[in-house]
Amino acid sequence: MEAAVTQVQPVAELDVSRIQGDFPILRRRINDSRLVYLDSASSAQKPASVIDAMSRYYETTHANIHRGAYTLAEEATALYEAARARLARFIGAPSPSGVVFTKNVTEAINLVAYAWGRANLHEGDVVVLSELEHHANLVPWLMLKEERGIELRFLRLAEDFTLDLSELERLVDGAKLVAVSAMSNVLGTIIPVRVIGEAAHAAGALFLVDGAQLVPHVATDVRAIDCDFLGVTGHKMLGPTGIGALWARPEILEAMPAFLGGGEMIRDVRLDGWLPNEVPWKFEAGTMPIAEAVGLTAAIDYLEGLGMDAVRRHEMALTRYALDHLRDRYGDGITIFGPDDVALRGGVISFAYKGIHPHDLSQVLDQRGVCIRAGHHCAKPLMRCLGVAATARASLYVYNDEADVDALVDALSTADDLFL
Ligand SMILES: Cc1ncc(COP(=O)(O)O)c(C=O)c1O
């Protein structure tokens, strides 16, 4: 199917050349070419402001938090708690006390499965997921299925790469939890979480949203989504690795038993027992990622400086440009797995190219400095639905522009000489 290159709105919402200047890594050359980084769905690059904030913290302020009564420790604690308040505001949470820091979204979902799940889910209880989930929102529930005999039900993928919601009411009937990703890390599909959440609540279930892919790219408000749990991961939103968060309604956190034990998650410990700390600290055992929290604050400052609406508009326009140019150049030679309408998707573009293995494609593109992901993207059940073992995946972010897409489109053709 040959698609004409449609007139795209100029990708001018963001000053991308200025933004590129903010990311030191983009000055690197890879195999004698400029670095074209198209793997932000896996992990985003970091602006100098994030790197500097973390270095400055270590150079001037580091001490352990919540323990010392000296200036440094108080300052470090204030920075850490400021990051919690900053993230709460960024996701529209009414209060910072609903934000529990974790090391990533995987840990956030596991925290729900261990603490809430083991207290509330018993044999025969139903959890509803979807077929397009990342393993992070599958394996913890499969573990509970093995351990407790819970029942898992799945929303299915529709032909147009959206979720088939025709069975939604039947599937959520009697469920205790509905847990879905807000944006597919393979298809780019934006999931109508508000609709799914309403159905979940109408059925008396709690609603968990995996925000790993949505939160970095689309303004997210937990009150508007009306979810009970939201998982976030810092490294995909320009922040450092090693920090993520679980937001949950504070009353749910209050009722949840603690997860990991030790450190400052206690109010008192005796040799014959212990009392948990207040939320959210009840769930933060051991020394937490303090410098990473400082970096996360800087990342949120950076994204808010750009404006999340502008980020979204930029990515919609650039995704349109990429879909059109890939199809215009390669026609039937390329299969794109994901919705065509950019209003329904983010800038994650999974594709198959002329039968060439995605790993081979990735290596060929690397020779031109173009970084894409190849593999199952930690979504093996979805790969089975698509009938493939792996896809190539290019993903866009604020520092990408048309020249990056052009570099991808041009570099793909170099695979022909080697593999066809
Ligand atoms: C939708 C989705 N959920 C969860 C994850 C896991 O993220 P992390 O490795 O930061 O925990 C990812 C990462 O790719 C993802 O795309």
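1. The ligand takes up the space of the largest pocket in this predicted model. A pocket here is an open set of points on a 1 Å grid over the protein atoms alone, with protein on both sides within 12 Å along at least five of seven lines.

2. Around the ligand there are 14 residues, and those that come nearest are Thr 106, Asp 210, Gln 213, Thr 233 and Lys 236 (a residue is near if one of its heavy atoms lies within 4 Å). By class, this shell holds four nonpolar, eight polar and two charged residues, with Gly counted as polar.

3. For your polar contacts (N or O pairs within 3.5 Å), a ligand nitrogen lies 2.6 Å from a side-chain N or O atom of Asp 210. A ligand oxygen is 2.7 Å from such an atom in His 235, and for His 134 the distance from a ligand oxygen is 3.5 Å.

4. A word on reading the numbers: residues are numbered from 1 along each chain as its sequence is written. Local features need pLDDT of at least 70, side-chain atom pairs count only at pLDDT 80 or more, while totals for chains, interfaces and linings use all residues, and side-chain values use heavy atoms, leaving out hydrogens and water.

Terms used
Polar contact = N/O pair within 3.5 Å; in protein donor to acceptor, adjacent residues only side chain to side chain. 1 Å grid on protein atoms, 1.4 Å probe; cavity = no way out; pocket = protein on both sides within 12 Å on 5 of 7 lines; lining within 4 Å. Sits in = over half its atoms within 2 Å of the grid points.
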